[in-house]
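Subject: Structure for you to look over

Hello,

The sequence and structure are below. My notes on what was found follow them.

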Amino acid sequence: MMRAGVAIVIVLAALLPAPWLLHSDFWLNFAIMALYYGFLGQAWNILGGFGGQFSFGHAAFFGTGAYTSAVLQLRLGVDPWLCLVFAGILGGAVGALVGALSFRYGLRGSYFALVTLAFAEVFRILADSVEFTGAGVGLQVPLRQSAANFQFPDKAGFYFVILGLTALGLAIAWWLENSRLGARLVAVRENEDAARALGVNVFRTKVIAITLSGALMGLGGTFYVQYFLYIDPTIAYGPAVSVSALLVPIVGGLGTVFGPLLGAFALQWVNQFAQLAMGNAIGLNLVLYGVILVLMIMYMPNGLFGLARVSARRLVRRPA
Amino acid sequence: MDQLSILLPAILNGVTTGAVYALVALGLTLIYGVLHIINFAHGSLLMVALYGVYFLYALFGIDPYLAFPIIVPLMFALGYGLQRYVIGRAGHGKDENIMLVTLGLSIIIENLALFFWTSNTRTINTSYGFSTVDFGVAFIAVPKVVAFVGAVIIAGLLWLVMQRTDLGKAIRALAKEPRGAQLVGISAPHVYAMSFGIGIACLGAAACLLLPSYYASPQIGHAFVLIAFTIVVLGGMGSFGGALLGGLIIGVTESLGGLFLGESLGKIGIFLIFIAVLLLRPTGLFGQRA
């Protein structure tokens with residue numbers, strides 16, 4: 001139990017000096033994107049991995065966070081760092097709303113996946129149609145580089161922010177593994193009826209999980225906006241974010257603390273090699289993602305982390 | 001009366017569009033009813049069929065309606081193969097896995113299309129493309145009328161196959177009582193793949209009926225997939241009559257939504273219906289169970 005906590009500290013400490021070791025912006029960007037996807041994956045993992053509720057529409061929370069940041073900054077001049085907080089709150093609120101509605105009416109499995117997909121689509125159409133989100137044109141955050149403005153002149157600043165968010169994600173996952181809430185969540189995943197019979201408040205547990213998950217996605221949305229300084233309805237609410245968020249923990253290992261991080265780095269490498277091998281051909285890296293998704297489910301349903309755990313167990317058992 | 005002269009054509013248009021939606025949804029509801037999986041690759045497979053029809057026309061000059069006997073068997077074979085050799089194998093008997101595999105397939109198919117065929121939309125010009133039929137209250141394009149009639153005929157044929165043939169009986173037996181069906185000698189992998197194949201063959205038919213009044217593009221599946229899901233959920237998962245009626249309702253909703261709320265915001269009506277049905281009555285209009 002404490003071992004995982006120690007492992008988190010070790011991993012974070014190992015990741016901390018990257019900006020001083022990686023001298024190229026290219027590799028620092030690589031690490032930032034890996035951590036960023038790992039963070040989104042961790043957010044999805046809280047609900048999908050620990051709770052077994054597969055959402056196909058996490059973009060709804062991500063996009064809400066991203067638009068919260070962009071709109072508050074542009075329209076009301078709110079401090080970008082404060083926007084991060086609001087994005088988390090609103091992302092969580094949308095999560096709570098979607099969760100309360102769908103879990104209240106007992107949607108599970110494919111029905112839940114469908115309704116989340118539809119929610120994301122509703123948000124996409126809204127963002128595409130109303131004026132204050134910039135409609136189809138999107139919103140551009142003006143370039144004013146300074147740390148106080150959450151726009152760092154060099155990539156190292158962004159790296160530390162996303163590392164901080166990663167730490168937050170890992171801490172929450174670790175807490176879930178060791179808390180009553182986490183135990184209840186896993187019980188709901190394994191057998192909802194049995195969990196209810198044992199006195200677990202299934203509805204409450206699932207809503208808390210989706211709220212947490214949505215809040216983290218919202219934070220991820222803010223990070224995206226500050227890093228790329230641009231957001232439009234397809235980036236915010238399109239299926240690409242939802243798919244990345246679920247692919248990362250599936251590749252890494254569902255319902256594990258380190259699975260999303262592992263999966264994100266693995267996928268980032270794959271992505272990099274794909275770009276080297278095939279050039280920047282439109283769509284081909286996504287083809288590869290699809291192939292990986294299918295192959296993982298076919299041959300490695302427990303993910304990379306599951307594989308590592310099985311071989312570790314074998315190693316331990318062998319002497320006995 | 002002015003109101004009516006705008007409303008009636010919109011409703012009529014919605015009904016014809018809805019019939020084609022229904023055709024797309026029929027395949028989806030068949031697959032769900034038998035295999036109890038949601039085929040997230042449905043939209044991208046429709047897109048493949050649309051391109052098939054397009055290329056038959058563009059390269060060989062085969063009229064979309066005459067492409068029927070080529071596209072439908074090809075789509076059937078594609079569906080059969082996908083279920084038997086990819087989806088069925090990857091499932092490990094878990095619904096979540098199957099869901100994810102079909103999602104993965106849709107990503108693969110869509111982006112391959114984007115790569116090979118670029119994101120250009122492609123249309124065809126047929127001699128009858130712009131002719132209309134006068135219904136007294138409105139003029140409706142000929143392709144839309146053909147699509148409506150075609151969709152109703154195919155839905156009827158599908159119903160006959162399910163009710164009257166041995167295959168239909170085997171499919172229904174497997175849907176109701178998988179273990180019992182296998183005990184009396186029904187080969188589950190084969191019949192599952194047949195059902196999936198028939199569902200995908202419906203997409204081939206839909207593509208032939210659609211293309212004269214529509215277009216093909218790699219992302220076209222998105223537009224249809226959520227609509228088809230909505231119809232299936234609205235009509236009741238696994239119900240043919242429900243899919244047909246649901247298709248018409250959604251077609252009219254979309255048409256009226258576009259009329260009152262504008263092109264972009266008008267689509268929101270469909271998704272709101274979808275969410276409302278999922279939440280309030282997940283069994284749909286004709287569904288037996290949740």
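Confidence first. Across chain B the average pLDDT is 83, and 97% of the residues score at least 70. Chain A averages 85, with 93% of the residues at 70 or above. In chain A, helix α15 (residues 303–317) has the lowest confidence, a mean of 66, and helix α10 (residues 202–228) the highest, 94. The model scores ipTM 0.78 and pTM 0.83.

Ground rules. This is a predicted model, in which local features need pLDDT of at least 70 and side-chain atom pairs count only at pLDDT 80 or more, while totals for chains, interfaces and linings use all residues. Residues are numbered from 1 along each chain as its sequence is written, and chains are lettered from A and ligands numbered from 1 in the order in which they are written.

Chain B

Chain B has twelve helices and two strands. Its elements run α-α-α-α-β-β-α-α-α-α-α-α-α-α from the N terminus. The radius of gyration is 19 Å, close to the 19 Å that the globule rule gives for 290 residues, so chain B is as compact as a globular protein of that length. That radius is taken over C-alpha atoms, and the rule is 2.2 Å times the number of residues to the power 0.38. The C-alpha atoms fill a box of roughly 60 × 45 × 35 Å along the principal axes. Of the 290 residues, 55% are buried. Buried means 20 or more other C-beta atoms within 10 Å of a residue's own; exposed means 12 or fewer, and partly exposed lies in between, with C-beta atoms placed from the backbone. Of the contacts between residues at least 6 apart in sequence, 77% join residues at least 24 apart. A contact needs C-beta atoms, placed from the backbone, within 7 Å.

Helix α3(B)

The 23 residues of α3(B) should span 33 Å at 1.5 Å a residue, and the end C-alpha atoms are 31 Å apart, which agrees. The expected span is 1.5 Å times one less than the number of residues. α3(B) bends by about 40° at Gln83(B). The bend is the angle between axes fitted to the seven residues ending there and the seven starting there. Gln83(B) is itself among the buried residues of this helix, which also include Ile71(B), Met75(B), Phe76(B), Leu82(B) and Ile87(B). The buried residues pack against α14 (284–299) of chain A, and against α2 (42–60), α4 and α8 (188–210) of chain B.

After α3(B) comes His92(B), with a positive phi near 50°. Lys94(B) sits in the loop between α3 (68–90) and α4 (95–117) of chain B. Lys94(B) counts as exposed because it has 12 C-beta neighbours inside 10 Å.

The interface

On chain B, 32 residues are in contact with 35 residues of chain A. On that side of chain B, α3, α4, α9 (220–235), α11 (263–266) and α12 (268–280) each supply at least two residues. The largest share, 14 residues, comes from α4(B). By type, the chain B side divides into 23 nonpolar, five polar and four charged. Ala, Val, Leu, Ile, Met, Phe, Trp, Tyr, Cys and Pro count as nonpolar, Asp, Glu, Lys and Arg as charged, and the others, Gly among them, as polar.

Chain A

Chain A has 15 helices and two strands. A compact globule of 320 residues would have a radius of gyration near 20 Å; chain A has 19 Å, which agrees. Its C-alpha trace spans about 60 × 50 × 35 Å along its principal axes. Buried residues make up 50% of the 320.

Leu229(A) lies in the loop between α10 and β2 (230–231) of chain A. Leu229(A) has a positive phi of about 60°, although it is not a glycine. With 15 C-beta neighbours inside 10 Å, Leu229(A) counts as partly exposed.

Best wishes

Technical notes: Helix = DSSP H or I, 4+ residues; strand = E, 2+ residues; numbered from the N terminus. Contact = placed C-beta atoms within 7 Å. pLDDT = per-residue confidence, 0-100.
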